[in-house]
Amino acid sequence: LTHEFGHNYGLYHANYEHTEEELAGSYGVSGILEYGDIFDEMGAGSSPEGHFNHLAKHYLNWLPDAKVVEVSADGTYTIYRFDDALALANDTLALKVPMSGDINYWVGYRQLYTSAEHNLANAAYVVAENRAQSRETSLIDMTPESQLTEVLDRKDAGLPVGSSFYDAEAGVRFTALENGGTAPNQWIRVQVTFDARIGMVQDTLEIDEQAGVARAQVQR
């Protein structure tokens, strides 16, 4: 019922980015397993733990812009849990981080999944925007290849405190530094660092020795 209410509100499915496509299911978009987010009601999540994720809540204006930090420079950010009825009493509930192309990673913090088979109690939870179709979200495994099977690997998809995740294509590194707080005000502190985002378009330089000028074409 909650899943279908989500559709009525305007949400689409919560998926899982899985480029190897080893898990059974539908891959309508290459490398994206439909319904694959096991922590979200719009995917394969359970109730009452599976709150719509932070990006989905932002789509619905349940999580307003004022609670989202758009990260454009290196920094350390404290993110409060979003899966509680009193979440809006806290400050930052999500980070929006630009990756490669038009992809954004949304970093949040879930606390209702407390089973030992999951790692979200002490880990950041990350979904991608624009990986699939409109208003679909995609769970990102922040500890890839950490388990023997893909079924188990997805269960510890969060980025645990003391660990880092680096996306070489986008040139972005996430590091979970610490977490704390008491219910319903738990938080996690995440550091985001960017590689230099400027590079040469071509290898040759146009040089005017007489004028003392060298011209290089770069892309930012």
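Q: Why is arginine 189 called partly exposed in this predicted model?
A: Partly exposed covers relative accessible areas between the 20% limit for buried and the 50% limit for exposed. Arginine 189 has a relative accessible area of 24% and is therefore partly exposed.

Q: How do you know that glutamate 178 and arginine 189 meet in a salt bridge?
A: The rule asks for a side-chain nitrogen of Lys or Arg within 4 Å of a carboxyl oxygen of Asp or Glu. The N to O distance for glutamate 178 and arginine 189 is 2.4 Å, so the pair meets the definition.

Q: What makes glutamate 178 count as partly exposed?
A: The relative accessibility of glutamate 178 is 35%.

Q: What makes lysine 155 and glutamate 117 a salt bridge?
A: The N to O distance between their side chains is 3.0 Å, and the cut-off is 4 Å, so the pair qualifies. This pair links distant parts of the chain: lysine 155 is in helix H3 (residues 150-155), while glutamate 117 is in the loop between E6 and E7, 38 residues apart. Lysine 155 is partly exposed at 21% relative accessible area, and glutamate 117 is partly exposed at 45%.

Q: How do you know that arginine 110 and aspartate 40 meet in a salt bridge?
A: Their N to O distance is 3.3 Å, and a salt bridge is defined by a distance within 4 Å, so the term applies. Arginine 110 lies in the loop between strand E6 (104-108) and strand E7 (123-129), and aspartate 40 in the loop between strand E2 (32-33) and helix H2 (54-59), so the pair ties together parts that are 70 residues apart in sequence. By the rule applied here, the count comes to five salt bridges.

Q: Are arginine 110 and aspartate 40 buried or exposed?
A: Buried means under 20% relative accessible area. Arginine 110 has 0% relative accessibility and therefore counts as buried. Aspartate 40 also has 0%, so it too counts as buried.

Q: How do you know that arginine 110 lies over the face of tyrosine 125?
A: Arginine 110 is at 4.5 Å from the ring centre of tyrosine 125, and the distance limit for a charge over a ring is 6 Å. The charged end of arginine 154 likewise sits over a ring, that of tyrosine 16, 5.4 Å from its centre.

Q: Why is the pair of phenylalanine 82 and tyrosine 125 called tilted?
A: The planes of the two rings stand at 40° and their centres are 6.1 Å apart, so the pair is tilted. Stacked would need an angle under 30 degrees, and edge-to-face one over 60. Phenylalanine 82 lies in the loop between E4 and E5 and tyrosine 125 in strand E7, so the pair ties together parts that are 43 residues apart in sequence. Both residues are buried.

Q: What makes the pair of phenylalanine 39 and tyrosine 113 edge-to-face?
A: The angle between the planes is 80°, with the centres 5.2 Å apart. Phenylalanine 39 and tyrosine 113 are both buried. Ring pairs link Phe39, Phe82, Tyr113 and Tyr125 into a cluster.

Q: Why do strand E4 (75-80) and strand E10 (164-167) stand at the edges?
A: Four strands form an open sheet in the order E4-E12-E11-E10, with antiparallel pairing. E4 and E10 each have a single partner strand, so one side of each is left without a neighbour in the sheet. The twist averages 25° from one strand to the next.

Q: How do you know that E4 and strand E12 (residues 187-194) pair?
A: Pairing requires at least two bridges, and six bridges join E4 to E12, which run antiparallel. In E12, valine 192 is the bridge partner of glycine 75.

Terms used:
Residues are numbered from 1 along each chain as its sequence is written. Side-chain values use heavy atoms; hydrogens and water are left out. Helices (H or I, at least four residues) and strands (E, at least two) are DSSP runs, numbered from the N terminus. Axes are lines fitted to C-alpha atoms, for helices over the stretch in contact, and angles run from 0 to 180 degrees between N-to-C directions. Buried means under 20% relative accessible area, exposed over 50%, partly exposed in between (1.4 Å probe, protein chains only). Rings of Phe, Tyr and Trp (its six-membered ring) pair if their centres lie within 6.5 Å; planes under 30 degrees apart count as stacked, over 60 as edge-to-face and the rest as tilted. A charge sits over a ring if NZ of Lys or CZ of Arg is within 6 Å of the ring centre and within 35 degrees of the ring normal.
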